[in-house]
Amino acid sequence: MHTGAILVVEDNEFISEPLEALLELDGHRVTVVGNGRLAIDILQKQEFDLILLDIMMPEVDGYQVLAWLKQNDHLRHIPVIMMTAVNEINSVIKCIEMGATDYLFKPFNAVLLNARIQSSLEKKSWRDQERAYIKQLRQEQIKSDDLLANILPHAIINQLKQDQHHVVSRFDSATVMFANIVGFMQISRQFPPQDFVQLLNEVFSLFDELTEQYQVEKIKTIGSQYMVVSGAPDPHPHHAATIADMALAMRQQLKQLSRTNSMSLTLRIGISTGPLTAGVIGTQKLTYDLWGDTVNTASRMESTGLPDTIQTTASTYNHLHKQYSFVNRGQIPVKGKGYMQTYLLQGKL
């Protein structure tokens, strides 16, 4: 047998008092109010599992209370059994159309009343379980979406949700940056493994905040190397400047962190601008990755760079030299590329 908190809205004490006693005898927690206005007031303060609602009442009648309930997103799920001495089919139809759960004519048959109450409470119990299950599913979906957003770009997530497999796109112009902590292996030997991982996490967390600030896409970390791109998967015309600003900020942030921890941490940063291919391939452990000569060249700019410098290709320099200051490093040997003209980014003009 289902029991619950029941609100009785009835202005006739000769009906409400015996009804209250009958319901309490069945184990229900009963609250009685004498008009519709008081019903609306108490419904905003207390929770109920069922409402027995008289129709004919002064000031605010049962129809008005029912309409108010069904317009309230927090209360519309409460089952309502309408009570009236008016034995008219039109009244029954009106109440059902407005969202009433059931309808009872006065005077009540105790057995029928109990059956209607039990049916309504049972339906509410199932609906409550369903609503709780749906809420849990939504929360799990939010967690899943948040986790996926930390792995893949939003644009790629949307494409995958549309059942697009092998999401790969070509970009005519984007800028790729590789940043690496100089002397990573030597530094790692100075710390216990747990402490060093914590330090690396602190450094990369600073960089992650900068990816949010400059709205660039973090691709991955490899050991002490940090890789980002601007202009993919969301193309925009100022990708080179965005990466330049982030590179300068990364270098400054790492210097501040070094001073705070009385350490000597420096970055070697490489940047290249040009066409590339980007996307997600495979079906397991999905990652968003980049391919092409621009990517390989950015990696070479980092590996052939000097400590505490930001080395760029001529293509990046051509995008930025009117707004940023550079030092011409000249021709340097680059594995797989021969000799290349490179520049060292200094700052904004």
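Trainee: What makes the meeting of the side chains of Lys-337 and Asp-293 a salt bridge?
Mentor: The term asks for a side-chain nitrogen of Lys or Arg within 4 Å of a carboxyl oxygen of Asp or Glu, and here N and O are 2.8 Å apart, so the pair meets the rule. Please keep in mind that this is a predicted model, in which local features need pLDDT of at least 70 and side-chain atom pairs count only at pLDDT 80 or more, while totals for chains, interfaces and linings use all residues. Residues are numbered from 1 along each chain as its sequence is written, and side-chain values use heavy atoms, with hydrogens and water left out.

Trainee: Where in the chain do Lys-337 and Asp-293 lie?
Mentor: Lys-337 is in the loop between β12 (324-334) and β13, and Asp-293 is in helix α10 (residues 293-303), so the pair links distant parts of the chain, 44 residues apart. Helices (H or I, at least four residues) and strands (E, at least two) are DSSP runs, numbered from the N terminus.

Trainee: Why is Lys-337 called neither buried nor exposed?
Mentor: Buried means under 20% relative accessible area, exposed means over 50%, and partly exposed lies in between, using a 1.4 Å probe and protein chains only. Lys-337 has 33%, so it is partly exposed, and Asp-293, with 45%, is partly exposed too.

Trainee: How do you know that Asp-245 and Lys-348 form a salt bridge?
Mentor: Their closest N and O atoms are 3.8 Å apart, which falls within the limit for a salt bridge. The pair links distant parts of the chain, with Asp-245 in helix α9 (residues 239-260) and Lys-348 in strand β13 (residues 338-348), 103 residues apart.

Trainee: Which of these two residues is buried, and which is exposed?
Mentor: Asp-245 has a relative accessibility of 18% and therefore counts as buried, whereas Lys-348, at 56%, counts as exposed.

Trainee: What ties Asp-49 to Lys-124?
Mentor: They form a salt bridge, since the closest N and O atoms are 3.3 Å apart. Asp-49 lies in the loop between α2 (36-43) and β3 (50-54) and Lys-124 in helix α5, so the pair ties together parts that are 75 residues apart in sequence. Asp-49, at 22% relative accessibility, counts as partly exposed, but Lys-124, at 5%, is buried.

Trainee: Which residues are linked with them in a network of salt bridges?
Mentor: The network holds Arg-29, Asp-49, Lys-124, Asp-128 and Arg-131. Across the structure, the rule gives a count of 15 salt bridges.

Trainee: What makes the lining of the largest cavity nonpolar?
Mentor: A cavity is a set of points on a 1 Å grid over the protein atoms alone where a 1.4 Å probe fits but cannot get out, and its lining residues have an atom within 4 Å of a point. Here the lining consists of Ile-181, Phe-184, Ile-187, Phe-196, Leu-199, Leu-200 and Leu-265. Leu, Ile and Phe are among the types that count as nonpolar, so the tally is 7 nonpolar, no polar and no charged residues.

Trainee: Which helix gives the largest share of that lining?
Mentor: The largest share, 3 residues, comes from α8, and α7 (184-188) and α8 (193-214) each supply at least two.

Technical notes. 1 Å grid on protein atoms, 1.4 Å probe; cavity = no way out; pocket = protein on both sides within 12 Å on 5 of 7 lines; lining within 4 Å.
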